[in-house]
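Hi everyone, thanks for coming. I'd like to walk you through a structure that may be new to you, so please have a look at it with me.

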2 protein chains.
Amino acid sequence: MTDISRRRLLTTAGTAGAAGLALGTAGGAVAHAAVAAPGAPALTTLGATAHPFHGAHQPGITTPAQTHGHLVALDLAPGAGRREAADLLRRWSTLAARLMAGEAPPDDTDVARDAGPAALTVTIGLGHGFFDATDLAAARPAALAPLPVFSNDALDPARSDGDLWLQVGADDALVAFHALRALQRAAAGTAAVRWQMTGFNRSPGATARPMTSRNLMGQVDGTNNPKPTDEDFDQRVFVPEGGDPGWMAGGSYVVVRRIRMLLDDWERVSEAEQERVIGRRKSDGAPLTGGDETTPVDLEATDADGGPVIAANAHVRVSAPETNGGAAMLRRPFSFHDGFLDDGSPDAGLLFVCWQADPLRGFVPVQRKLDRGDALSAFVKHEASALFAVPGGAAEGEYVGQRLLEG
Amino acid sequence: MTDISRRRLLTTAGTAGAAGLALGTAGGAVAHAAVAAPGAPALTTLGATAHPFHGAHQPGITTPAQTHGHLVALDLAPGAGRREAADLLRRWSTLAARLMAGEAPPDDTDVARDAGPAALTVTIGLGHGFFDATDLAAARPAALAPLPVFSNDALDPARSDGDLWLQVGADDALVAFHALRALQRAAAGTAAVRWQMTGFNRSPGATARPMTSRNLMGQVDGTNNPKPTDEDFDQRVFVPEGGDPGWMAGGSYVVVRRIRMLLDDWERVSEAEQERVIGRRKSDGAPLTGGDETTPVDLEATDADGGPVIAANAHVRVSAPETNGGAAMLRRPFSFHDGFLDDGSPDAGLLFVCWQADPLRGFVPVQRKLDRGDALSAFVKHEASALFAVPGGAAEGEYVGQRLLEG
């Protein structure tokens, strides 16, 4: 009964199709359309949206960012080796596929009962230490080498790194908690939580701005992100078939950083100065060189006095692919707010999550430049950092990481 | 421009009315319908829903529970007295009215720019200490006397009590954070954050269940809540005109408790045993004596052996108004999840928020009975507690608490 009631999913009223019909959408999401039991109210598309777990890439990378996100690192338990790790990845894959389809797992806690999948995605990553614990050090990607130390970093080791990583996103907080808890339970005895962070994005429909969200500094953030329609998108974000190591084909590398915003300092600065720091207008995200949000920044433009319109240390200049040998990464962050610090300032900022085929040609060169010369550095603090290899998506009947663990 | 763009609000596509027309709805909410600028996408009702700040009662009491909630206690700064407190309540009232209408305050952080009010509510309460700091001890309601000590309490003083209280709720996380931060900034120099808690509820549309949410134990929770349509609803929840003290007319008392759920213990118990603890079916919230969620519990029913169907210590029996001299309160909680504790268990549970005209005829008698004989007590831990007087709503041009501070 549970599976049936959890799957009593309708698209928005008036668009219900025939029982069991799956409707593909542009974003790859599937809204299950099934005929509801008589009298049962319909879910909206928010509840009914289901993303596929199986595919060439794992979900949660190009999936539209959800309202709620959990980032969790786990460490393998002492004694857990390759077999236990493979069993865990198999259990997680089975569970994730089930949860993402809106089905209840066995022995369920019922927290998401009656709910649709609500755009749930589960993404699984492997950290540097995973390969030692599993005697797979020879298969460890060179790209998992520890990130360089940046001068502005103030990293908390307890909230950094980890053997395994889960990213859970959903447009409903109970659906997200339910999945996180189910995944934690499935790891019992094999891996334990090392750190966990919770974040959020705008609710669909809360704003008229269709694409780009604001961050907690009030800035439009993410305008220059690579788009899946870009010719070189796959090349930038995903490891190609035949890449090195072979088991990472279709995979990606994720850098996760807890970036606290020094909001007391930031909000003391005038809007004009904030715009100079970023290089974009605060109102609409347009470059200070004119146009609208999507207009390319003109880094060469000069003002009446012959000085650059975009300051030498403006964030958009220092982070621009043009000034970093084309380095670019797909940023898919969540905002966070964990209360207030003792001095009264909000413990809030950005859970920075960025995706690339190679961190040495994505995050690292950009962050090196930002670390040296970004005007924004004075207003943020990098407090935690982690890097994970995120294997390609699992085909039906396979589990994430199978090519590594059984290769 | 900011105000105009923030107010470019449309109800769902197809129902747009004439410019500036305010559409009343059953719940008292108003969806601003204005003609959007050409090409601007429409907000959905999620973004466009606005609740009125002014009225007989403060918002956030009978308002449908929002997806995101912040509960914050503040203490008055040393030296802040009656005048400073009155100024603060005036600033907060002006700000809350503005934010709830979807308008940007002066010197805005822009975090909610482009967004609609998203059902934002701001509720203001006064704690026991407020009346000492403001030389108003003679006007302190008897109902604000400290709550009795309950044997199962494990209260953290640093997360309990407080001179002032704010409840911020919204259906968008950035709108909620924006309002919280604006209110904190408006208090600078007069009051500082003592504690803050963040919670969540289901997203609208995530579930087909229309009325009652589930908590993180997976239980349908809140079925027996008083309904605004009940004949004695106002009498239970709000202080009447001519009550004592007179300045609390239209007001209410709120008890706030951080109730951590011992989920590791709870989830080890079978579903049948969980249902015995509560007295309701887990699947749909129906009483174990039959019917559906809304069917009254039959406390007299016996099974084949002559024993009670609803156990003597079942939560529904011990908390039932019939067994508490009619005591009832309006519960309007949020779930919380603040990561994991050192033992790996989730630091998660319920931000219990309950409303009543008199705590001595609402929360206190019910909690006394629960404390002694509730089977659920073994699975929860009360970690923080606070009680606030929430004055009646402010009329246009007035501020919350004006009758007290200028009486």
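How many residues does helix 5 of chain A have, and how far does it reach from its first C-alpha to its last? Before I answer, please keep in mind that this is a predicted model. Helix 5 of chain A covers residues 173-186, which is 14 residues, and it reaches 20 Å. That is close to the 20 Å expected at 1.5 Å a residue.

Now look at what surrounds this helix. Of its 14 residues, 13 are buried, so helix 5 of chain A is largely enclosed by the rest of the structure. At its N-terminal end you will find a cap, A:Asp172. A side-chain oxygen of A:Asp172 lies 3.0 Å from the backbone nitrogen of A:Leu174.

Next, a partner for that helix. Two packed helices are described by the angle between their axes and the distance between the axes. Here the partner is helix 3 of chain A, residues 82-100, and its axis comes within 10 Å of the axis of helix 5 of chain A, crossing at roughly 155°. Angles over 145 degrees count as roughly antiparallel, and that makes helix 3 of chain A roughly antiparallel to helix 5 of chain A. The crossing of these two helices of chain A is right-handed.

What about chain B? There, the axes of helix 3 and helix 5 of chain B come within 10 Å and cross at roughly 155°. Helix 3 of chain B and helix 5 of chain B are therefore roughly antiparallel to each other, and their crossing is right-handed.

Let's step back to the domains. UniProt, in an unreviewed entry, lists a "Dyp-type peroxidase N-terminal" domain at residues 58-201 of chain A. The end C-alpha atoms of residues 58-201 of chain A lie 21 Å apart, and that span is 27% helix and 22% strand. UniProt also places a "Dyp-type peroxidase C-terminal" domain, again from an unreviewed entry, at residues 212-394 of chain A. For residues 212-394 of chain A, the end C-alpha atoms lie 30 Å apart, with 19% helix and 22% strand.

Is B:His70 buried or exposed? B:His70 has 5% relative accessibility, and buried means under 20%, so it counts as buried. You can find B:His70 in strand 4 of chain B, residues 68-76. Its side chain makes a polar contact with the side chain of B:Thr198, at 3.1 Å.

I'd also like to show you some backbone details. Most residues other than glycine have a negative phi, and most peptide bonds are trans. With that in mind, A:Asp110 is not a glycine, yet it has a positive phi of about 75°. A:Asp110 sits in the loop between helix 3 and strand 5 of chain A, and at 3% relative accessibility it counts as buried. Over in chain B, B:Asp114 also has a positive phi, about 75°, although it is not a glycine. B:Asp114 is in the loop between helix 3 and strand 5 of chain B, and it is buried, with a relative accessible area of 15%.

Finally, the peptide bonds. The bond from A:Asp244 to A:Pro245 is cis, with omega near -5°, and A:Pro245 lies in the loop between helix 6 and strand 8 of chain A. In chain B, the bond from B:Asp244 to B:Pro245 is cis, with omega near -5°. B:Pro245 lies in the loop between helix 6 and strand 8 of chain B.

Definitions and conventions: Residues are numbered from 1 along each chain as its sequence is written. Chains are lettered from A and ligands numbered from 1 in the order in which they are written. This is a predicted model: local features need pLDDT of at least 70, side-chain atom pairs count only at pLDDT 80 or more; totals for chains, interfaces and linings use all residues. Side-chain values use heavy atoms; hydrogens and water are left out. Helices (H or I, at least four residues) and strands (E, at least two) are DSSP runs, numbered from the N terminus. The expected span of a helix is 1.5 Å times one less than its number of residues. Buried means under 20% relative accessible area, exposed over 50%, partly exposed in between (1.4 Å probe, protein chains only). A polar contact is a pair of N or O atoms within 3.5 Å; within protein, one must be able to donate a hydrogen and the other to accept it, and residues adjacent in sequence count only if both atoms are side-chain atoms. UniProt positions are given in the numbering used here, feature names are shortened, and annotations may be inferred rather than shown by experiment. Axes are lines fitted to C-alpha atoms, for helices over the stretch in contact, and angles run from 0 to 180 degrees between N-to-C directions. Angles under 35 degrees count as roughly parallel, over 145 as roughly antiparallel, 65 to 115 as roughly perpendicular and the rest as oblique. A crossing is left-handed if the near helix is turned anticlockwise from the far one by less than a right angle, and right-handed if clockwise.
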